[in-house]
Structures are given as structure tokens and as C-alpha cells.
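Subject: Predicted model with ligand, and notes on its sites

Dear colleague,

I am handing over the structure below, and my notes on what was found in it follow directly after. Please read them with the structure open beside you.

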Amino acid sequence: MQLIATLESELQQLEQRGLRRRRRIAETPCAPRVELDDRAMLAFCSNDYLGLAAHPRVVEALREGATRYGVGSGASHLISGHSRAHALLEERLAEFMSPHLESARALYFCTGYMANLAVITALAGRDAAIFSESLNHASLIDGVRLSRAAVQVYPHGDTAALAAMLAASSAVTKVVVTDSVFSMDGDLAPLPALLALCERHGAWLVVDDAHGFGMLGANGRGALEHFNLRSPYLVYMGTLGKAAGVGGAFVAAHETVIEWLIQRARPYIYTTAAAPALAHALLTSIELIAGDEGRARRAHLQALIAQLDQSLQLQRWQRIASPTAIQPIVIGSNDETLRAAAALYAQGLWVPAIRPPTVPLNTARLRVTLSAAHTCDEVAQLATALNALEELA
Ligand SMILES: *Cc1c(COP(=O)(O)O)cnc(C)c1O
């Protein structure tokens, strides 16, 4: 059939350009030590930054949630799928984020991707103006497209360019959209300066803290705690499948914003509510993040980051300094990066190679992510392998 033949030829082109992706099958839970396609590997690639994805207490809470609430929610939140577990999770998240938001309320979503589509399309109608950071995550970009609002993209971290755009805009509704931690570099957006601009120009500041929630801040409240911010202009999105180890996401903001999302956000309204058992398990994850164990895990993760920094002795390759679990090592050439990732893999170390167009030309890199579940010995093993590889390359 012609339609199939067209797809096959496009797939072949991907193959020829070295861009065809393949999934690896994990036989074991998400953890540093995984069994992958029947091989034992040491992984530096998950976003399970605190090592909660297979934490016995969270696993037990999921089991308990399934016993108490069943497995499926059965309907969307506005029909009959909104359970006590969802309501308790939302209350807990609102309370947790309340030092940083006025009249805080929270809304639980099935995924961060959907939460971003929801926030942007609900806040920015066709008449709005959106100001979008150039390195934003795909889900933010898709939300901007779906909104059909006018969009201006400002260069990475360039608050002066954003200030000029905001000053020149006559739109009644202005929305600035940014990642807090950029996923391929691990650097932070200048949130205090962005917030000051938004307050001055009466714009919403939508912050996607997928890589900060649970990880940054003394209590794990993420980028807002890291920068000590509080404002009614903030609309905060945190994901719950990364540091929180389970799945889904939440938006926290002024209660009126949340009520608006419930009434208007199509990715919230027209989808079956996530399993209540997940929300129940997340209550335990939040308890761990907010408590002594979370603090200890964040401290261990910071120690591992410092250790990696000190033990890498790179000449040509460059580690991008980041206070987050994302620790990229920029190699430059695509081929050299792929060879390095393959050599690591052959030694049982799983580190993903990231190439353009995901990152700019000539900045192909190994994207190392650390987790509090790693040991010092495991990080030492990685550093030794990287130092040796660079010398050989
Ligand atoms: C992972 C991620 C998302 C999407 O969250 P999911 O819950 O995985 O859908 C959104 N934004 C950023 C920056 C992310 O890294």
C-alpha cells in the first residue's frame, strides 16, 4: 500500500541519518542497577532523582491505594472520576507550595505534558501574547501552538530581550512561559528577574519545574524555594514522575487560576482521571520529599554532584556546571559522542548521547543524570570511565 510505503521510506531516511530511536526493555524497577535487554547495567539516565520510583514505602502505598480505591478512576474528574485520594493529594500539594503562592490551590494532572497544554491554553486565549523562552520543553511549545495566541520567543536567559518585548506589547493578557531547569543543560532560568518583569508588566509567569520539584530547595519545594519567590503572578507546574517517583503532575497557583483551569482547561476536562491509587502513593512520596529522608537524599545527591565535579579531569570535553541532577558532558561532535556512549555501554554504563536537533549544532553531549540512589562508588566508576575514554578518543 502506498501510504505504508511512504512511511517506510521516511523511516529508512531516519535510519540512514542515524536518527532512528530504539527502545530498550528494562526487566527490573527503575534504579541505578537495572537489567536491560537481559544485561546488567549501571544507569545514569533516569529522572528518578531521589530514588523514590522503587522505594518500598511508596510501593506499599500504591498497593494500599489499589486496595482502597480500586485500579481505575472510571471517568473524568468532572463526571465521576474525582476521588478522595485526588482531593487529599491536591490539598497536600497546595499546603506544601503555599509559602510561595498566595491563596494556593493545586490541581493534579495525568501527565506534565497535559498540565502544560492545559495551563497555556486556558490562560492564553487567541488575543493573548505569549513570551516563550527559546529552550523550553516540547510540551510548553505544543501548548503555545495549541493556544493559537501570538508568540514571541526570547533568547535563552535573555531578560533584557524579554523586557523589551513586554514593554512593546499592548496585549491585555500576557503570559511568560519558561522551564526552571533546562533539561539538556541543567542550568536555571533567572526566575527572580523574570518574576520582577512579569509583576511590572502585569504578565503571568508560568514556570515548568519538572526537574526542580522535590530536588531543589531545602524542603524540596523546587525552584520557587531555591530562589525564595512568592507571588500571585506565578503559575507553577511540577511533575510527579521524576523526583516524586510516581507519575502525573500538578499545577499550583492562586485559587482563582485553579478554578479557571477546572472550568476551562480541555486537557484536564476531556480525559479520564488518573488512577486514584497513584494519587494515594504520591501522598507518601510527598511525605518523604518534605521530611528528613528527602533532606538526606537531597544532601547525598549534592555530595555526588560535588564528587563528579572533583573527579572528572577533562581536557577537551566539558562538563556543564549545574546544581541539579542533570550533569551534561559536552563533547561536540556527533560521532565522538556516539562512540563514547557506545564505549560506556560496552562497560556496563548506560549514559544517553544527545545530539542535534535536541541540542545546538556541535554541542552533542553525554547527558549524565545522577540520583540519590547512586552510591559514591558508582559515581567514581563513571568518572574513571569518562576520564579514560576522553584520553583515548
Ligand atoms: C518531563 C517533562 C515534562 C513532561 O512531564 P511528564 O509528566 O513526563 O509528561 C514537562 N516539562 C519538562 C521540562 C519535562 O522535563
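How does the shell around the ligand divide by class into nonpolar, polar and charged residues? In this predicted model, the shell has 2 nonpolar, 8 polar and 3 charged residues.

The ligand site

In total, 13 residues surround the ligand, and the closest are Gly 112, Tyr 113, Asp 208, His 211 and Lys 242. Helix 5, which covers residues 112-123, gives the largest share of this shell, with 3 residues. Gly 112 takes part through its backbone, with an N or O atom that lies 2.7 Å from an oxygen atom of the ligand. Asp 208 instead takes part through its side chain, where an N or O atom is 2.5 Å from a nitrogen atom of the ligand. For Lys 242, a polar side-chain atom lies 2.5 Å from an oxygen atom of the ligand. As for burial, the ligand taken alone exposes 370 Å², and the protein buries 81% of that.

The largest pocket

Pockets were computed separately, and the largest of them has a volume of about 1,000 Å³. Its lining is made up of 29 residues, and those nearest the centre of the pocket are Arg 21, Arg 22, Pro 352, Ala 353 and Arg 355. Two or more lining residues come from each of helix 14 (334-346), strand 12 (349-350) and strand 13 (353-354), and helix 14 provides the largest share, 4 residues. By class, this lining holds 15 nonpolar, 6 polar and 8 charged residues.

Arg 21 itself is found in the loop between helix 1 (2-16) and strand 1 (33-36).

The cavity

How many cavities of 30 Å³ or more does the count give? The count comes to 1 cavity, and about 50 Å³ of space lies in the largest cavity. Its lining consists of His 77, Tyr 108, Phe 109, Cys 110, Met 114, Pro 267, Tyr 268, Thr 271 and Ala 274, which divide into 7 nonpolar and 2 polar residues, with no charged residue. Strand 3 (104-109) and helix 11 (266-269) each supply at least two residues of this lining.

The annotated domain

The UniProt record, again an unreviewed entry, lists residues 41-386 under "domain: Aminotransferase class I/classII large". In the model this span is 44% helix and 18% strand, and the C-alpha atoms at the ends of residues 41-386 lie 16 Å apart.

Backbone points to check

A cis peptide bond joins Pro 356 and Pro 357, with omega at about 10°, and Pro 357 has its place in the loop between strand 13 and strand 14 (364-369). The other place is Asp 37, whose phi is near 45°, a positive value in a residue other than glycine; Asp 37 lies in the loop between strand 1 and strand 2 (39-43).

With best wishes

Key. Residues numbered from 1 in each chain as written. Predicted model: local features only at pLDDT ≥ 70, side-chain atom pairs only at ≥ 80, totals over all residues. Heavy atoms only, no water. Near = heavy atom within 4 Å. Polar contact = N/O pair within 3.5 Å; in protein donor to acceptor, adjacent residues only side chain to side chain. Areas by Shrake-Rupley, 256 points an atom, 1.4 Å probe, with all protein chains shown as cover. Nonpolar A, V, L, I, M, F, W, Y, C, P; charged D, E, K, R; others polar. UniProt positions renumbered as here; feature names shortened; annotations may be inferred. 1 Å grid on protein atoms, 1.4 Å probe; cavity = no way out; pocket = protein on both sides within 12 Å on 5 of 7 lines; lining within 4 Å. Points joined across faces, edges and corners; volume = space filled by probe spheres on them.
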